[in-house]
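Biologist: I would like to learn how to read the packing and the sheet of this model. Could we go through the features one at a time?

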Number of protein chains: 2
Amino acid sequence: MVDNLAVAVVSGGVDSTVMAYLLKERGYELVVMTVDYGQRHRKEIGYAARTAERLGAEHVVVEVGLGGVLRGSALTDMSVPVPHGEYEGANMGLTVVPSRNAIMVACAYGLAVSRGAGLVGIGVHGGDHEIYPDCRPAFVAAIERACRLGTGSEVGVWAPFLGVDKSYVVAVGADRLGIDLCGGTWSCYEGGEVHCGRCGTCVERREAFRVAGVDDSTEYADLSGIENGRGQ
Amino acid sequence: MVDNLAVAVVSGGVDSTVMAYLLKERGYELVVMTVDYGQRHRKEIGYAARTAERLGAEHVVVEVGLGGVLRGSALTDMSVPVPHGEYEGANMGLTVVPSRNAIMVACAYGLAVSRGAGLVGIGVHGGDHEIYPDCRPAFVAAIERACRLGTGSEVGVWAPFLGVDKSYVVAVGADRLGIDLCGGTWSCYEGGEVHCGRCGTCVERREAFRVAGVDDSTEYADLSGIENGRGQ
């Protein structure tokens, strides 16, 4: 095992990007892995590729053909519109892709074992707990255990943001690590030319920058509504 | 949840095929799922498709692009030759695809949740325990737990052959369920025109039929060596 080699699961969004920079800061050499699961906002993969390049890391894209398989999620089923509004609202359940993080971690774990890496890093954070069960601590512990048993290896799963929310991630990334989060990450589920500003993950992004006190130069198509968002 | 709907993970080999027929016998309607992970013996997928057809089930193929990702496994890395000889021999470690069953179960679980199925069935059996850690009871229990926690659902993972070996599976499939295992399943890792007869899984297949006392009409390119195989 190469102790200072880690597989960073990077979607191209804020959380996983900051996580990857944190690993690098701690002295790890990285393999950046992105899962292309047929997501509507595939645009994020290009952001993950540029993050890998900046970190001097190999970028591995694993295609998982879930697009035509999982019905009823707005992220993979093009017949379901992306819900707008507050991130924690009931309609955000439409953005759940069942088993997504289990699939991602299992793929990353296999890659880590194959390359002799000692760690798999993921960017899930505490603010996702309510609607995404696969972002909760109990899940992360359970999938790590399953992958260890399934491979007979000791690769760890590192999720440094499990106990904090997105505004903390933004503060660490922008203030301490000096990452260009606005230009270097993509959040919007719609995957349009610029961030829509209205979908759940756009509202969450805007709010996180606001709470963190970090200037948000992200270009949003629609800047209304944040006053009624969470955190007010 | 549709209580009598199950997702059967079928590779096209003997074990998963018999497992799917068992589910059908127990009254389940099936969705048959096969993972195309770039395996050398992709030929097995056609056998899975025909099993699905015979069972009146939809066949979902999930492509997982691990082929270029996992180095060092003879099943996905074409630069590594398929080892020949006894199934439990040390060189069979080359046929391990790290995390394969975790990936498969996670995908099947997501599909089950998406379709409202109550069960995911897998064909792992006791004879695989020694070289494949992801065929052991502790792994199956752990991945079921992780997937439940990760989706907040109660879908079960059913592995009826965990405590028996392949000869039992052959006996159940051929004698009790009357499945044409020789013509209806594919085992050989080489993926050639006919079963090679010499690779680990061919040797295991031949031995299982012999021990079960079931006539093996599978066409093998090379029938030597079984006398020196395991079970003697």
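Biologist: Against which helices do the buried residues of helix 5 of chain B pack?

Modeller: Helices here (H or I, at least four residues) and strands (E, at least two) are DSSP runs, numbered from the N terminus, and two residues are in contact if their C-beta atoms, placed from the backbone, lie within 7 Å. In this predicted model, the buried residues of helix 5 of chain B pack against helix 1 (14–25), helix 6 (181–184) and helix 7 (200–212) of chain B. Local features need pLDDT of at least 70, side-chain atom pairs count only at pLDDT 80 or more, and totals for chains, interfaces and linings use all residues. Residues are numbered from 1 along each chain as its sequence is written, while chains are lettered from A and ligands numbered from 1 in the order in which they are written.

Biologist: Which residues of helix 5 of chain B are buried?

Modeller: A residue is buried if 20 or more other C-beta atoms lie within 10 Å of its own, exposed if 12 or fewer, and partly exposed in between. In helix 5 (residues 166–176) of chain B, the buried residues include Val169(B), Val170(B) and Val172(B), and the helix is followed by Gly178(B), whose phi is positive, near 65°.

Biologist: What is the order of the strands in the open sheet of chain B?

Modeller: Two strands pair if DSSP finds at least two bridges between them. The five strands of chain B have the order 3-2-1-4-5, with parallel pairing. Strand 3 (58–63) and strand 5 (156–158) of chain B each have a single partner strand, so one side of each is left without a neighbour in the sheet. From one strand to the next, the twist averages 30°.

Biologist: How does helix 1 of chain B pack on the sheet?

Modeller: Axes are lines fitted to C-alpha atoms, for helices over the stretch in contact, and angles run from 0 to 180 degrees between N-to-C directions. Helix 1 of chain B touches strand 1, strand 2 (29–36) and strand 4 of chain B, and its direction makes about 170° with that of strand 1 of chain B.

Biologist: Which elements make a right-handed β-α-β unit with strand 2 of chain B?

Modeller: A crossover is right-handed if, with the strands pointing away from the viewer, the path from the first strand over the helix to the second runs clockwise. Strand 1, helix 1 and strand 2 of chain B make one such unit, and strand 2, helix 2 and strand 3 of chain B make another.
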